[in-house]
Amino acid sequence: MAEAPADHPPTLRERQGQRVRDELRDAFVRLVVERGVHAVTLHDVAVEAGVSDRTLYRYFPNREALIDEVRTQTLIESAQRDRGVRDAAGMIDI
């Protein structure tokens, strides 16, 4: 399947895929908070997210890939928050 240019609006399939990735990531984080990282299996994540193991493996071939994505997303969100705080602070006259 040919890839569309990077500047194209996401297709329905891409948006749905991103929602599944987000839910899998969120399910993993919820379970880690509840049980600890070593007690969470990929099967647990699939059940928590309401998808099959096969669907989970389509997005994350192993635990390390899921953990790496959670780390990356956490760093991105942290950087965005920091930028927002800096931007807001620049708008305040002191």
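Modeller: Let's start with Glu69, which is buried at a relative accessible area of 18%. Do keep in mind that this is a predicted model.

Colleague: Happy to. Why is Glu69 called buried?

Modeller: The label buried is given under 20% relative accessible area. Glu69 has 18%, so Glu69 counts as buried.

Colleague: And where does Glu69 sit, and which residues does Glu69 touch?

Modeller: Glu69 is part of helix 4. Leaving aside residues up to four places away in sequence, the contacts of Glu69 are Arg21, Arg25 and Phe60.

Colleague: What makes Arg25 and Glu69 a salt bridge?

Modeller: A side-chain nitrogen of Lys or Arg has to lie within 4 Å of a carboxyl oxygen of Asp or Glu. For Arg25 and Glu69, the closest N and O atoms are 3.0 Å apart, so the pair qualifies as a salt bridge.

Colleague: Is Arg25 buried or exposed?

Modeller: Buried: Arg25 has 8% relative accessibility, and the cut-off is under 20%.

Colleague: Why are Glu48 and Arg30 called partly exposed?

Modeller: Partly exposed is the range between the buried cut-off, under 20%, and the exposed one, over 50%. Glu48 has 36% and Arg30 has 37%, so both values fall in that range.

Colleague: What about Glu34 and Arg35: what makes that pair a salt bridge, and why is Glu34 called exposed?

Modeller: Their closest N and O atoms are 3.6 Å apart, which is within 4 Å, so Glu34 and Arg35 count as a salt bridge. Arg35, with 40%, is partly exposed.

Colleague: Which residues are joined into one network?

Modeller: Arg21, Asp22, Arg25 and Glu69, through salt bridges that share partners.

Colleague: And how many salt bridges turn up in the whole structure?

Modeller: Searching the whole structure gives eight salt bridges, including the Arg25 and Glu69 pair.

Notes
Residues are numbered from 1 along each chain as its sequence is written. This is a predicted model: local features need pLDDT of at least 70, side-chain atom pairs count only at pLDDT 80 or more; totals for chains, interfaces and linings use all residues. Side-chain values use heavy atoms; hydrogens and water are left out. Buried means under 20% relative accessible area, exposed over 50%, partly exposed in between (1.4 Å probe, protein chains only). Helices (H or I, at least four residues) and strands (E, at least two) are DSSP runs, numbered from the N terminus. Contact means heavy atoms within 4.5 Å.
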